[in-house]
Amino acid sequence: MDGRILVIDGSARMRDLFVGILELDQLSVRVAEDFDQAKREQDDTLPDVVLVDATLANSETDESSGGSTSELARFSDTIGTTWPGCEVVFLIDAVHSDLKRRLERGRFRHFSRPFQIEVLRDLVNGLLDRRKVIGK
């Protein structure tokens, strides 16, 4: 399967883990430690899927409100504007149950860590298949 994946995560260990797993499916994987680095290092090819650490939404918006659902929506819109047509998946650690509830309330696609490798591969490949069906 071909596809371009962008992983934005503050943890080098997590970025390396995602690369190792997703490259098993011959996917092209780029990584960045934050949104600014991802924008600076973008090339002419748009990612099909952006996996982004949900806690970065707080650092990209006004932190005074504690990371509301509307901030997540603005952050998601910013990602969609920067990489039009991409599928956005927020990555969330299990310890951030309040953030997970906001993602669910706002109906944002999200993926919880820790995770099983096959579940990640199924999610990404399913999103890539969906893009083919709808012609993106």
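Which strand holds Asp 53? Asp 53 sits in strand E3, which runs over residues 49-53. The close-ups below come from a predicted model, starting with the whole chain and then moving in.

**Figure 1. The whole protein, with its six helices and five strands.** Follow the sequence along and you get the pattern β-α-β-α-β-α-α-β-α-β-α. The protein has 136 residues, and buried ones make up 43% of them. Take the contacts with a separation of 6 or more: 67% of those join residues 24 or more positions apart. The accessible surface is about 7,200 Å², with 47% of that belonging to carbon and sulfur atoms.

**Figure 2. A look into the largest nonpolar core, which has 21 residues.** The residues with the most contacts inside this core are Ile 8, Val 50, Val 52, Phe 75, Ile 79, Trp 83 and Phe 90.

**Figure 3. Val 50 and the residues it touches.** Leaving out anything up to four places away in sequence, Val 50 touches Leu 6, Ile 8, Ile 79 and Trp 83, and also Cys 86, Glu 87, Val 88 and Val 89. Ile 8, Ile 79 and Trp 83 are also listed with Val 50 among the residues with the most contacts inside the largest core.

**Figure 4. Asp 53 and its surroundings.** Asp 53 counts as buried because its relative accessibility is 9%, and the cut-off for buried is under 20%. Its side chain makes a polar contact with the side chain of Thr 55, at 2.8 Å. Setting aside residues up to four places away in sequence, Asp 53 touches Ile 8, Asp 9, Gly 10, Leu 91 and Arg 113.

**Figure 5. The salt bridge between Arg 113 and Asp 9.** The closest N and O atoms of this pair are 2.3 Å apart. Arg 113 belongs to strand E5 (residues 110-113), while Asp 9 is in the loop between E1 and helix H1 (12-22), so the bridge links distant parts of the chain, 104 residues apart. What is the relative accessible area of Arg 113? It is 5%, so Arg 113 is buried. Asp 9 is at 2% relative accessibility, so Asp 9 counts as buried too.

**Figure 6. Arg 131 paired with Asp 48 in a salt bridge.** Here the closest N and O atoms are 3.4 Å apart. Arg 131 comes from helix H6 (residues 117-134) and Asp 48 from the loop between H2 and E3, and 83 residues separate the two. Both Arg 131 and Asp 48 are buried.

**Figure 7. Glu 87 and Arg 130, another salt-bridged pair.** The closest N and O atoms are 2.5 Å apart. Glu 87 lies in strand E4 and Arg 130 in helix H6, so the pair ties together parts that are 43 residues apart in sequence.

**Figure 8. A salt-bridge network of Asp 9, Asp 53, Asp 93 and Arg 113.** Salt bridges that share partners join these residues into one network. Across the whole structure, a search finds eleven salt bridges.

Technical notes. Residues numbered from 1 in each chain as written. Predicted model: local features only at pLDDT ≥ 70, side-chain atom pairs only at ≥ 80, totals over all residues. Heavy atoms only, no water. Helix = DSSP H or I, 4+ residues; strand = E, 2+ residues; numbered from the N terminus. Buried < 20%, exposed > 50% of the residue type's maximum accessible area, 1.4 Å probe, protein only. Polar contact = N/O pair within 3.5 Å; in protein donor to acceptor, adjacent residues only side chain to side chain. Contact = heavy atoms within 4.5 Å. Areas by Shrake-Rupley, 256 points an atom, 1.4 Å probe, with all protein chains shown as cover. Core = buried A, V, L, I, M, F, W, Y, C linked by side-chain atoms within 4.5 Å. Salt bridge = Lys/Arg side-chain N within 4 Å of Asp/Glu carboxyl O.
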